[in-house]
Amino acid sequence: MSLLEVKGLRRDYGALRAVDDVTFSLEAGGILGFIGPNGAGKSTTLRILATLDVPTAGEVLLEGRSLVDAPDKARPLLGYMPDRYGTYDDVTVREFLDFFARAYGLKGVQRRQRVDSVMEFTGLGPLSGKLTTELSKGMRQRVALGRTLLHDPRLLLLDEPADGLDPRARIELRELLRALADQGKAVIISSHILTELAEICDSCVIIEQGRLLAQGRVEDLLRASGDASQVTELVVRLAAGAEGELMGARAERTLLEQPHVKDVTREGSALRVRLELEPGAGPMEAEAAAAVLLAALVAQGLPVCAFTPRERNLEDAFMTVTKGRVA
Amino acid sequence: MSTQASPASGASESVPVTAAGASDRWERWGDRLNPLVVKEVRQGLRTRIFWVSFGLLLFACLVLSLVAYADTQGASYSREGRTYFFSFFVCLGVVHFGVIPFNAYRSLAREREDETWVLLLLTGLGPRRILRGKVASFLVQAALYASAVGPFLLFSYFLNGIDLPTILVVLLLGGVWMVFLTLASVCAATLADGRMGRAAVRFALVGVLAVTFFQALTFVFIITQGRGTGFTFDQTFLLGVGVGLWLMLTDGWLLFEASVARLSLMTENYTRHPRRALVVQVLLTFTGTVAVWWYLDFHKDVADVAGIFGTMHLIGTGLFTMSDVDGQARPLRAGTRPWSLFKPGALRGFRLTVLLLLGWALGCSVLLAMSGEATLDWVRNWSRMGMAFTAMALYGVLFLSLALLLGRMPASDRFASPVSVRLLFVALTTLASGLPPLVAVFLGLESGDPLLNLLNPLVGTVNFGRYDYDEPYGTRMTPELLLCVALVTLLAAFAADRVLAERERRAHAS
């Protein structure tokens, strides 16, 4: 049985349908990316899962129990981190965590131990006496994550957790989330930073205008969107030399004369080539077309030092699946 | 952690162990406290505004006491106590009637703006405990301020000119007024969600606090300065103080329950407590009215005052009760019966409002009927005031129904929101009060013409309460006209009820 099951979720605000028939599930220890353009219904879905909103129709089961009918029973199992940090002024890191630990009903030694263990896990120990307002964004994000973990929830709902973080803080957050998943917690992350999601998530859900467009494991999504698009990209790099500019122009001309080449763009010493294949063409046909190009370049005596197909990423899948509409 | 010294430990270790024991006791005691109190007091004592207010308050009181000392040093007998008591009270009033309520408002408003409110809700604390903690923490801060001014207030007593009962009455009323203002400010923080709405509420609150600050000080000035110069704590004064205290306490409770309801999640039975508080308030107030009426030898003025002000109060509260959203969350629907009037939903709120309004009018009319002896004058008075109460309640129901019909009957939901329905009510009553007299003047009739103003909530009520000895009943309006108003009201209320029932059915079906 899945830890979380979302079935036919719908949320209407008057005439506006913010979420429309969304269905997915998540196992314990899994990390699910929730992707969609602004206004797609991501935050609304997360708020429903966090018991802060009620669906117009549909069902959400957490450990087999309806979260809609018994939100009080579901809340101890949930950890929700909204897109804002939610920290207080004039409160130190320890006081902040201690306050929420009290609010979760932890008492005495148990509370102190829990706060200590959360601070250790999130690396906030050295900052325990600092005011939360004096912390960097990354550290405040850790405080917020620490707050989410205080009551040891089974399911974490993180709304745009990497938004506004510098690369180091993002990598550290990623490691923390991976560690949480390894502990058996299920994590749902909504984010715009798709490259981040691809590295963290096991599976993804793509929604637009409140409707679920695609879902599944990240690799499956990439493969599916790649098959659908019939467009393959290659990156050709020429050896840098005195005649680099001239060579580049020749290579561009040569490539454009070849079959299936849709366009060629120059990026420094590299050329980005887009191939458009016939409908129904598979990876074999794409490789054959690439081989033809390489042969043509070598035949022209061009100094090709790199010839690599550009791998599709989550961004490509997202762009292929969505159309940029807003609900 | 051990709280006992081990046998091997020497005397030098006994101190830390005792300290640890005391610390454990503190911690156990702290665990019993509302977490919000701990957090807010901790946070509040770190803010600049607290220390600036506290410092200025102490400084002002110190300067005033030095002035008082210099002023009374040479005099053989001084009676300046009342002046200095009032001066110290003004210093305390700035903080208690201004800083504390506004800070309470700001604290909750910020909690909502920064979305830390939802994080608190998810902890399982619940809006009731959270708000209780917030209010309690501000009362703790108020107590800290009061502790600074307390010795100075006592000092003013020793300057003569003010007696202990006056000091106690002023402090009691001031304390209850401060609690009421804090609760009202907390409730104000729950009123608006949008930026514009919040700005408007903030602006209005500052205005209200400023006005009520001066009103409160004027009242205290009259009491402190008037005592000994003709002003006594007579029966009327004590009755007035009693009514004031009762209203502050019960309306404070109502405001608190309303705030809790507004901050609760849709899935909770959020209307149960405020509606119950309203019904309890109405029942207890009516019981109190009967008691006062009996104590004052069945004086008819008691029924008159209760009838008019009670109905106005119920129209005000009804405006919020009946403009709730349509329907209720799925988990609450199962046990809902037609008489479950405390459960969420505009339909049940509307029905409760109608029942309370008509019940109150009936109760006060019965009270009025039992006042005095059955003479012709008594019959005239009873019929005119009884009709005025009933008309007022009927107008209330009529315009509440019309606001609901206009807001919620159209297919589009443009004016269906609670705020829109309330604004529609205000617009409708304003129009209905202002337009008929203008039309009457335009047609060359008397502005208060009974027929043209039959559905005018203001002039109509006044007309129903007027004597006219040329008429057979001795009143300006006849019972037949009241029946007309009742029929129109019945029609409007029935239509509003059906519209709300249909909307609830649709909300539950989707």
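Trainee: Which residues in α3(A) meet residues in α5(A)?
Mentor: In this predicted model, A:Val93, A:Phe96, A:Leu97 and A:Phe100 in α3(A) meet A:Val143, A:Gly146 and A:Arg147 in α5(A); such a meeting is counted where the C-beta atoms of two residues lie within 7 Å.

Trainee: Why are α3(A) and α5(A) called roughly parallel to each other?
Mentor: The axes of helix α3 (residues 93-103) of chain A and helix α5 (residues 137-149) of chain A come within 9 Å and cross at roughly 25°. Angles under 35 degrees count as roughly parallel, and α3(A) and α5(A) are therefore roughly parallel to each other. Their crossing is right-handed.

Trainee: What makes a set of residues, such as the one with A:Leu157, B:Phe88 and B:Leu357, a nonpolar core?
Mentor: Its members must be buried residues of kinds that include Leu and Phe, joined through C-beta atoms within 7 Å. The largest nonpolar core has 183 residues, of which A:Leu157, B:Phe88 and B:Leu357 touch the most other members. Helix α14 (residues 376-408) of chain B gives the most to this core, with 16 residues. Apart from it lies another core, of 12 residues, among them A:Ala251, A:Leu255, A:Leu271 and A:Leu297.

Trainee: Which residues does B:Leu357 touch, leaving out those up to four places away in sequence?
Mentor: Among them are B:Thr311, B:Leu314, B:Ile315 and B:Gly318, and also B:Ala393, B:Gly396 and B:Val397.

Trainee: How many of the residues of chain A count as buried?
Mentor: Of its 327 residues, 41% count as buried, which means that each of these has 20 or more other C-beta atoms within 10 Å of its own.

Conventions: Residues are numbered from 1 along each chain as its sequence is written. Chains are lettered from A and ligands numbered from 1 in the order in which they are written. This is a predicted model: local features need pLDDT of at least 70, side-chain atom pairs count only at pLDDT 80 or more; totals for chains, interfaces and linings use all residues. Helices (H or I, at least four residues) and strands (E, at least two) are DSSP runs, numbered from the N terminus. Axes are lines fitted to C-alpha atoms, for helices over the stretch in contact, and angles run from 0 to 180 degrees between N-to-C directions. Angles under 35 degrees count as roughly parallel, over 145 as roughly antiparallel, 65 to 115 as roughly perpendicular and the rest as oblique. A crossing is left-handed if the near helix is turned anticlockwise from the far one by less than a right angle, and right-handed if clockwise.
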